[in-house]
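User: I'd like to go through a structure with you. Can you take my questions one at a time?

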Amino acid sequence: VKLHSPVIRNNLLMLMNGRDYQTRMSREGKEQLRQECLKEIRRILTKETGKPGIEDVFFTSFVVQ
């Protein structure tokens, strides 16, 4: 994951950019975003390494600007 962190970070930022604030503040919205992030990270790692590489994604904090 560390080796591919630049592309992971870029793609996650693009994924989160422009999302509706109200939708993302609900529990369901955060869960959906978490699932989308997991799917994107697995897609990247599978493409780069041939393996999904991670089991899950957890938010330790959630800041909205």
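The chat below covers the fold, the helix packing, a few residues, the salt bridges and the surface.

User: What kind of model is it, and how are residues numbered?
Analyst: It is a predicted model, in which local features need pLDDT of at least 70 and side-chain atom pairs count only at pLDDT 80 or more, while totals for chains, interfaces and linings use all residues. Residues are numbered from 1 along each chain as its sequence is written, and side-chain values use heavy atoms, with hydrogens and water left out.

User: How many helices and strands?
Analyst: The protein has 3 helices and 0 strands. Helices (H or I, at least four residues) and strands (E, at least two) are DSSP runs, numbered from the N terminus. The order from the N terminus is α-α-α.

User: What box do the C-alpha atoms fill?
Analyst: Roughly 35 × 20 × 15 Å along the principal axes.

User: What share of the residues is buried?
Analyst: Of the 65 residues, 28% count as buried. Buried means under 20% relative accessible area, exposed over 50%, and partly exposed in between (1.4 Å probe, protein chains only).

User: And what share of the contacts is between residues 24 or more positions apart?
Analyst: Among contacts with a separation of 6 or more, 44% are between residues 24 or more positions apart. A contact means heavy atoms within 4.5 Å.

User: On to packing. At what angle do H1 and H3 cross?
Analyst: The H1 and H3 axes cross at roughly 145 degrees and come within 10 Å. Axes are lines fitted to C-alpha atoms, for helices over the stretch in contact, and angles run from 0 to 180 degrees between N-to-C directions.

User: Left-handed or right-handed?
Analyst: H1 passes H3 in a right-handed crossing. The contact involves residues of H1 including Val-7, Ile-8, Leu-12 and Met-16, and residues of H3 including Leu-33, Cys-37, Ile-41 and Leu-45. On the term: a crossing is left-handed if the near helix is turned anticlockwise from the far one by less than a right angle, and right-handed if clockwise.

User: Take Ile-41. Buried or exposed?
Analyst: Ile-41 counts as buried because its relative accessibility is 9%. Its place is in helix H3, residues 27-49.

User: What does Ile-41 touch?
Analyst: Not counting residues up to four places away in sequence, Ile-41 touches Ile-8, Leu-12, Ile-54 and Val-57.

User: Where does His-4 lie?
Analyst: His-4 lies in the segment before H1. At 14% relative accessibility, His-4 counts as buried. Leaving aside neighbours within four places in sequence, His-4 is in contact with Leu-45, Glu-48 and Thr-49.

User: Change of topic. How many salt bridges are there?
Analyst: The structure holds 3 salt bridges, each being a side-chain nitrogen of Lys or Arg within 4 Å of a carboxyl oxygen of Asp or Glu.

User: Which partners does Arg-34 have?
Analyst: Arg-34 meets Glu-31 at 2.7 Å, N to O, and Asp-56 with the closest N and O atoms 2.3 Å apart. The pair with Asp-56 links distant parts of the chain, since Arg-34 is in helix H3 and Asp-56 is in the segment after H3, 22 residues apart. Arg-34 and Glu-31 are both in helix H3, 3 residues apart, about one turn of the helix.

User: Are those residues buried or partly exposed?
Analyst: Arg-34 is buried, with a relative accessible area of 14%. Glu-31 is partly exposed at 36%, and Asp-56 is partly exposed at 34%.

User: What about Arg-43 and Glu-40?
Analyst: The side chains of Arg-43 and Glu-40 form a salt bridge at 2.8 Å, N to O. They are separated by about one helical turn because they lie 3 residues apart in helix H3. Arg-43 is partly exposed at 42% relative accessibility, whereas Glu-40 is buried with a relative accessible area of 17%. As for shared partners, salt bridges join Glu-31, Arg-34 and Asp-56 into one network.

User: Last one, the surface. How much of it belongs to carbon and sulfur atoms?
Analyst: Carbon and sulfur atoms hold 53% of an accessible surface of about 5,200 Å². Accessible areas come from the Shrake-Rupley method with a 1.4 Å probe, and for residues only the protein chains shown count as cover.
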